[in-house]
There are 4 protein chains.
Amino acid sequence: MPKIVNHEKYKIEILSKCVDILARRGYSAVSMREIATELDVSTGTLYHYFATKEDIFKELVKFVLSKDIEELQLYSKGNPGQTLELRVESLFQMIQARESYFQNLLYIICDVSRLKNHEEEKTLITDAMKEYVNIITKHLGVTNPNLNRILISVILGTVVQRIVDGDSISLSDTSEIIKDFMSLILSNSFTF
Amino acid sequence: MPKIVNHEKYKIEILSKCVDILARRGYSAVSMREIATELDVSTGTLYHYFATKEDIFKELVKFVLSKDIEELQLYSKGNPGQTLELRVESLFQMIQARESYFQNLLYIICDVSRLKNHEEEKTLITDAMKEYVNIITKHLGVTNPNLNRILISVILGTVVQRIVDGDSISLSDTSEIIKDFMSLILSNSFTF
Amino acid sequence: MPKIVNHEKYKIEILSKCVDILARRGYSAVSMREIATELDVSTGTLYHYFATKEDIFKELVKFVLSKDIEELQLYSKGNPGQTLELRVESLFQMIQARESYFQNLLYIICDVSRLKNHEEEKTLITDAMKEYVNIITKHLGVTNPNLNRILISVILGTVVQRIVDGDSISLSDTSEIIKDFMSLILSNSFTF
Amino acid sequence: MPKIVNHEKYKIEILSKCVDILARRGYSAVSMREIATELDVSTGTLYHYFATKEDIFKELVKFVLSKDIEELQLYSKGNPGQTLELRVESLFQMIQARESYFQNLLYIICDVSRLKNHEEEKTLITDAMKEYVNIITKHLGVTNPNLNRILISVILGTVVQRIVDGDSISLSDTSEIIKDFMSLILSNSFTF
DNA sequence: CATGAATGAGGGTTCATTCAT
DNA sequence: AATGAATGAACCCTCATTCAT
């Protein structure tokens, strides 16, 4: 372990290593010792970089959301697709590739909404949700915000169901139905 | 009347009073003392009826799910509706009336899936999810299981979004879009 | 250990058992575990009766001072003495009998004055010091408050010196000199 | 010049900067980090000059006492005064000017006597106390050691009282009474 | 020489649980 | 049946101390 460290960089490294354990075990269920053991450092080191356990969680929320938004924005710029069908497919492929991230996100959302003193993090999540709507709007070219919200619902709900039962319904099955749905809309000049 | 009846009855009473605090604060975040205080009893009393904290949670999961399924079955029998549109509307009205329950359910699902030694409860939730599919099948007369799964996703995902931001998208907004979607399907003799 | 306890009475019992260890080892140097071991209870029990370590100390200060004042007042009522000489002797005898208490008091004064958030306890000590002046005034019939303050100084200072070196100067040696001093004052009709 | 000189010099500099924080916060209550922060150095630097925290305290006790004795001896040589009255006045003026030092000394005495493994420091304090008696003997020309001990008691006790309540009794008030007392002794050819 | 990152034992405190009453 | 006093392991966090740089 180096004694000369880029403090901020190492904080980020710790955070990125924390995401899984904190999301999957839960903020209240996981102890600082467990986190330290998982990261292969001492509790003292954890406290050298973060003032409190809550602090770790707060910075982790910021880190996870901002990193996610960033990646999604890169994705939505780079990969438009030519037909609505292709764009839906590309969207769901991307989501499928990030399914494990979305599970973490769901767990984190539950923790943030249940814990006290996390108003700021709630706001960050609310903002992120709006940004997701924006990204879908740009990517699919579907401008009805409520429709986009429902697409997000479909994704989040599928994540929930797959947490419960991994084989219940896959994101690719969902993708197929959504594609049909979208085609239907187009072919009927439906206005959302 | 044997005493066991009152004993069991009181257990149920305790469980029903526990649901909110356990769901909303989280299994790991809430203490036995908090639960006792909330219920206005001593911790000793809690341990007179349940062997461990884990036990309370396990029995609570069973209680909540069975009570829910029961109510949903009663609902689906009593209230068919004549057109698909009406049935969708009736379904969403029912869900809207039970939104706070669905939030609790979501929190409980997260806890069950994150905690150790809850295999039995996971199975119960998986079964409950299948039962939801059955109920929707009967109620809407839509037999494609994946489509029904997506309807459940829409509901669960909306619950998640409304946990994050109470005003983001209402279940009634969602209902409108789903109704249109369903009409579209019918008018096109779409086969799911 | 009884399960039916007079809560307040047991608190007092704990406090009286704590005085020595807290005074002699020092608030910051002694740990809750040490206190618990000394009292032959668990840390949990300590926290059942007192919210925090600070709380123990605060209640201990109140307890020690009030008990002391009470005893001194009883003493000063019961034992006037006929000549000034006898009264001085009686005063110092009493103080000598309480020397170990005065050492504790000195340590506690140092802790209170050094720790943060003990304004209330500082006031209690200030008040106690005034009460000591009153008691000496009544007991000796010497009304000059500064002179009484000096008598208290002599006592406190002797306690300090005897903490440093148990044999340096005894309270009875001091008593002799003070008696001579007082006789001198009387024989000269000195006005303080 | 060998480097050792600067090393020792810097140690003294550190010690003299430590006195206040260690005396006023207390050995057990103050942390190495706090000391380092106060001195505007790193903890590593502290450990470069002193092996342990205890070491700092031990050397600090030596430093404070020897510096004090030195200054007092200088004072007693340089400033005899012509009458007993003037000499008492001069003594108390000196003490008044050093009141804050005497407070620190009192705190340090309490810490040394309460902490373990400070036998050597206890001896140093005992010796210092004897040296104080010597100095008073020389300065006042009063040879009764018990009387000198009482004078020291008056000073220490006044320091304690002024720690409790800064305005209770000043050293100059005390000085006045002591002067009268001494005059009384002289005019009566009292033999101490 | 000086720094501050790293450590893990030990600090205050809370917890699930037991059991005398 | 119901209480709440008692326990001690485990929690979050701080500490004195070490050592690579």
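In this predicted model, a phosphate oxygen of DNA strand E is 3.3 Å from a polar backbone atom of Val30(C). Because the model is predicted, local features need pLDDT of at least 70 and side-chain atom pairs count only at pLDDT 80 or more, while totals for chains, interfaces and linings use all residues. Residues are numbered from 1 along each chain as its sequence is written, chains are lettered from A and ligands numbered from 1 in the order in which they are written, and side-chain values use heavy atoms, with hydrogens and water left out.

| Residue | Part of the residue | DNA strand (phosphate oxygen) | Distance |
|---|---|---|---|
| Ser42(A) | polar backbone atom | E | 3.1 Å |
| Ser42(D) | N or O atom in the side chain | E | 3.3 Å |
| Tyr47(A) | N or O atom in the side chain | F | 2.5 Å |
| Thr45(B) | N or O atom in the side chain | F | 2.5 Å |

A residue is near a strand if one of its heavy atoms lies within 4 Å of it. Of the atoms of DNA strand E that come within 4 Å of the protein, sugar and phosphate account for 62%. Around DNA strand F there are 39 residues, and those that come nearest are Tyr47(A), Thr45(B), His48(B), Tyr49(B) and His48(C). For DNA strand F, sugar and phosphate make up 63% of the atoms that come within 4 Å of the protein.

Residues can also be sorted by class: Ala, Val, Leu, Ile, Met, Phe, Trp, Tyr, Cys and Pro count as nonpolar, Asp, Glu, Lys and Arg as charged, and the others, Gly among them, as polar. On this basis, the surface near DNA strand E has 14 nonpolar, 16 polar and seven charged residues, and the surface near DNA strand F has 15 nonpolar, 17 polar and seven charged residues.

## Helix α2 of chain A

Helices (H or I, at least four residues) and strands (E, at least two) are DSSP runs, numbered from the N terminus. In what follows, buried means under 20% relative accessible area, exposed over 50%, and partly exposed in between, using a 1.4 Å probe and protein chains only. The buried residues of α2(A) are Met32(A), Ile35(A), Ala36(A) and Leu39(A). These residues cover an arc of only 100° around the axis (taken from the directions from the helix axis to the C-beta atoms), which puts them on the same side of α2(A). An α-helix has 3.6 residues a turn, so residues three or four places apart point the same way. On the other side of α2(A), Arg33(A), Thr37(A) and Glu38(A) are exposed. After α2(A) comes Asp40(A), whose phi is positive, near 65°.

## Two single residues

In chain B, Asp40(B) is found in the loop between α2 and α3, and Asp40(B) counts as exposed at 69% relative accessibility. The C-alpha atoms of Asp40(B) and Ser175(B), which are 135 residues apart along the chain, are separated by 40 Å.

In chain D, His139(D) lies in helix α7, residues 119-140. His139(D) is buried, with a relative accessible area of 3%, and its side chain makes a polar contact of 3.5 Å with the side chain of Ser90(D).

## How the chains are related

Copies are superposed by least squares on the C-alpha atoms of residues with pLDDT of at least 70 in both. A rotation of 180° with 0.0 Å of shift along its axis superposes chain D on chain C, with an RMSD of 0.1 Å. That is the relation of a two-fold axis. In chain D, the C-alpha nearest the axis is that of Gly157(D), 2.1 Å from it.

Chain B can be laid on chain A by a turn of 180° and a shift of 0.0 Å along the axis, again with the RMSD given as 0.1 Å. The same surface serves both copies, as 100% of the contact residues of chain B recur in chain A. Contact here means heavy atoms within 4.5 Å. Chain B and chain C do not touch, and their nearest C-alpha atoms are 13 Å apart.

Conventions
A polar contact is a pair of N or O atoms within 3.5 Å; within protein, one must be able to donate a hydrogen and the other to accept it, and residues adjacent in sequence count only if both atoms are side-chain atoms.
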